[in-house]
Amino acid sequence: MINYHPDQHLLSLHAKGELPLSMSIAISAHAEFCQHCQQQLDQMTIALSEQQFEQADAKNTAAFEKHGEFDDLLSQFLSSTLDTLDTDVRLANNSTSQPESTDNSVTIKGQHYALPRVFKKQINASWQGIGKVSRLRLDTGEPQARASLLHIAANGEIPDHTHKGSELTLLLAGEFSDCYNTYKPGDFMLLDQDHEHSPKTTEGCLCYTIVDAPLYFTKGISKLLNPIGDLLY
Amino acid sequence: MENVQSQSAQTRYDKGHLAQRSSNQRNGAMKSDEPNPLADELAQLMMQVANNRCKTSFAKLFSHFAPKINSFGVQRLSQQGLAMDLVQETMSRVWTKAHLYNADKAAVSTWVFTVMRNQCFDMLRKVQHNREDAFGDDIWPLFESDDAENNDDDFLLSASLLQHVEELPPLQRQVVQGIYMQELTQQELADKLNIPIGTVKSRLRLGLEKLKSFMEKHYD
């Protein structure tokens, strides 16, 4: 049973396509675990599409002024573009080129994990890590946010830390707990900078994480780790 | 049966442009039993495009959707030129992916919205991060397109299947290739290889079982 979900606001931004890639991946992956959120997203998408496409558009004067442009584009479609598209599709189908990689899983420390569908094209780096904690950075191209897969081996923990910005953790496999609770696959936790926590796991876990600012490790020996905190997440 | 439906649809279009839904239906999601003439018309047009590559129907879909896609693009992409790009890219996909549309899974509007939103997402990333990637369809699988994914998968599947055929032991490979790629009958193949038809059958069965286990391993 998944206990932690994205809120309505996040879901609706996702349905509109207005979230950055890193967060869209998180919501989409959560929805693969969580039928309830998937249904809500479906409903939102239906409502948005009806609003966009099935209602008389009061302020459609701009479209009216651009009538000529639409006509031009349409006649271009009819006279050549559609035929070109069909030819392209036929060519693509005929060339039995190499299949796209459909491997959507990762292996770390002998553990094999199948990933949600949305990660299909995102895994193209290798694992880095120290001790029980390993990280695989996703290249989302967003300067403000770092998205990663994070693996913690059995009986591992992340040293106590707070977040300078917010931190998103989506548990993909295994379990972990912190001072607040124990989490299960699909749980979606968005923590802001006021939370201090130190997740630990007994059976090991795989998470998808986003941090949108450097982490600060705050406790004892882990201060030593501070310079490489960036490496862990 | 399709012909009958499309004819009646055709006469309706001749009368003029598509009906708009009245705005008092706007609260929340549509109930599926609520009659929705616009949605029915759009579905007919999609079927014409998908099955008959009907350009007249495409033109009608274009006239309905293009201005609305444009206004979505203007809000989202702010630059006018890009809004028209969004119209072009979205309508191109409507044409090439029409066969993947499944009327049982979603209204045409919802499907086109999904195509448009995904396209817009990729265009925005290009503008904002200078990224030429196309992740939209991975993040929001074309909604209702279980079939679509299966079709895509079939394409990928057959490509990877071909690879695995190469890995079969030679005798089994020969039979699998003969039956499935050269499309010989079992008897023709038996004659050609000068072996009993029973041997063809058993090699084929072994080969297919092996292929199946390759694929299962691959997709676990």
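Biologist: In chain A, what share of the contacts between residues at least 6 apart in sequence joins residues at least 24 apart?
Modeller: This is a predicted model, so the figure is computed from predicted atoms. Take the contacts in chain A between residues at least 6 apart in sequence. Those joining residues at least 24 apart come to 66%.

Biologist: And what is that share in chain B?
Modeller: The count again takes contacts between residues at least 6 apart in sequence. In chain B, the part joining residues at least 24 apart is 57%.

Biologist: How many helices and strands does chain A have?
Modeller: Chain A has 233 residues, and 48% of them are buried. Its secondary structure comes to 6 helices and 15 strands.

Biologist: How many helices and strands does chain B have?
Modeller: Chain B has 220 residues, of which 45% are buried. From the N terminus on, its elements run α-α-α-α-α-α-α-α-α-α. The totals are 10 helices and 0 strands.

Biologist: Is α2(A) largely enclosed or largely open?
Modeller: Helix α2 of chain A covers residues 21-33 and reaches 19 Å, close to the 18 Å expected. Its buried residues include A:Leu21, A:Ile25, A:Ala29 and A:His30. Because 11 of its 13 residues are buried, α2(A) is largely enclosed.

Biologist: How far apart are the end C-alpha atoms of α3(A)?
Modeller: Helix α3 of chain A has 19 residues, 35-53. At 1.5 Å a residue, α3(A) should span 27 Å. The model agrees, with the ends 26 Å apart.

Biologist: Which helices do the buried residues of α3(A) pack against?
Modeller: The buried residues of α3(A) include A:Leu41, A:Met44, A:Leu48 and A:Phe53. Their partners lie in both chains. They are α1 and α2 of chain A, together with α2, α3 and α5 of chain B.

Biologist: What span should α2(B) have?
Modeller: Helix α2(B) has 16 residues, taken at 1.5 Å a residue. Its buried residues include B:Leu38, B:Leu42, B:Leu45 and B:Val49.

Biologist: Which residue just after α2(B) takes a positive phi?
Modeller: Look just past the end of α2(B). Phi there is about 50°. The residue is B:Arg53.

Biologist: At what angle do α3 and α5 of chain B pack?
Modeller: Two packed helices are described by the angle between their axes and the distance between the axes. For α3(B), residues 55-77, and α5(B), residues 108-129, the axes are 11 Å apart. The crossing is right-handed. The angle is about 35°.

Biologist: How many nonpolar, polar and charged residues make the contact of α3(B) with α5(B)?
Modeller: On the α3(B) side, the contact includes B:Phe65, B:Phe72 and B:Arg76. On the α5(B) side, B:Ser109, B:Val112 and B:Met116 are among them. By class, the contact has 11 nonpolar, 1 polar and 1 charged residues.

Biologist: Where does B:Gln119 lie, and is it buried or exposed?
Modeller: B:Gln119 lies in helix α5 of chain B. It touches B:Leu86, B:Glu89, B:Thr90 and B:Arg93, not counting residues up to four places away in sequence. The cut-off for burial is under 20% relative accessible area. At 10%, B:Gln119 therefore counts as buried.

Biologist: Which residues touch the most other members of the largest nonpolar core?
Modeller: This core has 82 residues. Its largest share, 10 residues, comes from α5(B). The residues with the most contacts to other members are A:Phe119, A:Leu149, A:Tyr208, B:Phe62 and B:Met91.

Biologist: Is A:Lys109 buried, partly exposed or exposed?
Modeller: A:Lys109 sits in the loop between β1 and β2 of chain A. Its phi is near 50°, positive in a residue other than glycine. Its relative accessibility is 46%, so A:Lys109 counts as partly exposed.

Biologist: Is A:Asn155 buried or exposed?
Modeller: The loop between β5 and β6 of chain A holds A:Asn155. Phi of A:Asn155 is near 65°. Its relative accessibility is 57%, so A:Asn155 counts as exposed.

Definitions and conventions:
Residues numbered from 1 in each chain as written. Chains lettered and ligands numbered in written order. Predicted model: local features only at pLDDT ≥ 70, side-chain atom pairs only at ≥ 80, totals over all residues. Heavy atoms only, no water. Helix = DSSP H or I, 4+ residues; strand = E, 2+ residues; numbered from the N terminus. Expected span 1.5 Å × (residues − 1). Buried < 20%, exposed > 50% of the residue type's maximum accessible area, 1.4 Å probe, protein only. Axes fitted to C-alpha atoms, helices over the stretch in contact; angles between N-to-C directions. Left-handed = near helix turned anticlockwise from the far one by under 90°. Contact = heavy atoms within 4.5 Å. Nonpolar A, V, L, I, M, F, W, Y, C, P; charged D, E, K, R; others polar. Core = buried A, V, L, I, M, F, W, Y, C linked by side-chain atoms within 4.5 Å.
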